[in-house]
Amino acid sequence: MESNEARVHWEKAAPGWAKWEDIFTQSVEEATRAMLDMAGVEEGKRVLDLASGAGSQTLAAARRAGANGQVIANDISQTMLDHVKKNAAAAGLSNIETLLGSVQELELENQGFDSVISRFGLMLIPEPGKVLSKIFTALKPGGKASVVVFSVPQANQFFLVPMQILLKHAGKSPPPPGTPGLFALAAPGLLEKLFSDAGFENPEVSSLDIFFRMPPADQTLVMMQEAFGAYRAVISDCTDETQAAAWAEVREYLGTLGSGSGIEAPSQVLVGSGSKPER
Ligand SMILES: C[S@@+](CC[C@H](N)C(=O)[O-])C[C@H]1O[C@@H](n2cnc3c(N)ncnc32)[C@H](O)[C@@H]1O
């Protein structure tokens, strides 16, 4: 997806993402902690958070960085960044700045960051290898980067099946290997290789089994419709009738996943990291 197209899709999804962010991100706390640990986010550090969304991980990084540190949240969507600012103010955090723009177009060379993080962003951006090279140049020697992405589709049925249903109704194929998508960086060994090719030493990728604890099917459907930009992008150019039929089938699937009290869906994510050599 070109930057402009991505901007339009994510701008439309931003209010929904911000509305549902808490529910989505509560389930990824362990992965977020691991990402912040692997990126060495601690007191006094300067941190760049790429594709920050509404910023729950930005705020977590800012709490660690403290008054002597700083976190810069980047996103392609201004509305997402407005939510970051609002959430930071509500949390009493004054060490967060925002940076609007597509990651591919940012000038990041020699920015002297201690840490770069990105949660559920890198897989959605074209040419992730180039993005990691860019991240490498943004870090000071000895700095660290860490990202969270989805692992293989088989371990993520809750996200895979709705995507398959939407693609089927839209008459489209899944993104070919090497192009952005939910599972673009899931292939075994790929993320390690991309970190290593970008110049990082000690690239490390661990997989984490987690559960997404979601509301009952009707609400989870609304969340997917309102917040998931990657889903919206698949059917945005379909007729209203096709969209309605596609979402009806997604609702049917969600109904098989849990009772009235909510959906508990197993998932697997990867936490990848690497360090920039001291010199
Ligand atoms: C799945 S959301 C993840 C948001 C957040 N990191 C989180 O984990 O809650 C993906 C985010 O990537 C942003 N995004 C997509 N393409 C981008 C690009 N090329 N450059 C910067 N941000 C981008 C979207 O606007 C969206 O906020």
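**Legends to the close-up views**

**N110 counts as exposed, because 10 C-beta neighbours lie inside 10 Å of this residue.** The model shown is a predicted one, in which local features need pLDDT of at least 70 and side-chain atom pairs count only at pLDDT 80 or more, while totals for chains, interfaces and linings use all residues. Residue numbers start from 1 in each chain and follow the sequence as written. N110 is placed in the loop between β3 (96–100) and β4 (113–119). Helices (H or I, at least four residues) and strands (E, at least two) are DSSP runs, numbered from the N terminus. The phi angle of N110 is positive, near 50°, in a residue other than glycine. Most residues other than glycine have a negative phi.

N202 is exposed, since 11 other C-beta atoms lie within 10 Å.

**A shell of 22 residues surrounds the ligand.** A residue belongs to this shell if its C-beta atom, placed from the backbone, lies within 6 Å of the molecule. W10, A51, G53, I76 and R119 are the closest. Two or more residues each are contributed by α1 (3–26), α3 (56–65) and β2 (70–75). With 4 residues, α1 supplies the largest share. Sorted by class, the shell comprises 9 nonpolar, 11 polar and 2 charged residues. Here Ala, Val, Leu, Ile, Met, Phe, Trp, Tyr, Cys and Pro count as nonpolar, Asp, Glu, Lys and Arg as charged, and the others, Gly among them, as polar.

**Helix α3 is mostly covered, with 9 of its 10 residues buried.** The buried positions are S56, Q57, T58, L59, A60, A61, A62, R64 and A65. After α3 comes G66, which has a positive phi near 70°.

**Helices α1 and α8 pack with their axes 7 Å apart, at an angle of about 140°.** This angle makes α1 oblique to α8. Angles under 35 degrees count as roughly parallel, over 145 as roughly antiparallel, 65 to 115 as roughly perpendicular and the rest as oblique. The axes are lines fitted to C-alpha atoms, for helices over the stretch in contact, and the angles run from 0 to 180 degrees between N-to-C directions. From α1, the residues A13, G16, W17, K19, W20 and I23 meet M223, E226 and A227 of α8. Contact requires that the C-beta atoms of two residues, placed from the backbone, lie within 7 Å. The α1–α8 contact divides into 6 nonpolar, 1 polar and 2 charged residues. P15 also lies in α1. P15 counts as partly exposed because 15 C-beta neighbours are found inside 10 Å. Although P15 and E226 are 211 residues apart along the chain, their C-alpha atoms are separated by 7.8 Å.

**Helices α8 (residues 217–227) and α10 (residues 240–255) pack at about 135°, with 9 Å between their axes.** α8 is therefore oblique to α10. Their crossing is right-handed, a term used if the near helix is turned clockwise from the far one by less than a right angle, with anticlockwise giving left-handed. A217, T220, L221, M224 and Q225 of α8 meet W247, V250, R251, L254 and G255 of α10. By class, this contact holds 6 nonpolar, 3 polar and 1 charged residues.

**P162 is located in helix α6 (residues 157–170).** This proline counts as buried because it has 23 C-beta neighbours inside 10 Å. Residues up to four places away in sequence aside, P162 touches M224, Y231, V250 and Y253. The C-alpha atoms of P162 and L254 are separated by 8.5 Å, and the two residues are 92 residues apart along the chain.

**I235 belongs to helix α9 (residues 229–235).** I235 counts as buried because 20 C-beta neighbours lie inside 10 Å. Beyond its neighbours within four places in sequence, I235 is in contact with L166, H169, A170, T242, Q243 and A246. Between the C-alpha atoms of I235 and P177, which are 58 residues apart along the chain, the separation is 20 Å.

Terms used: A residue is buried if 20 or more other C-beta atoms lie within 10 Å of its own, exposed if 12 or fewer, and partly exposed in between; C-beta atoms are placed from the backbone.
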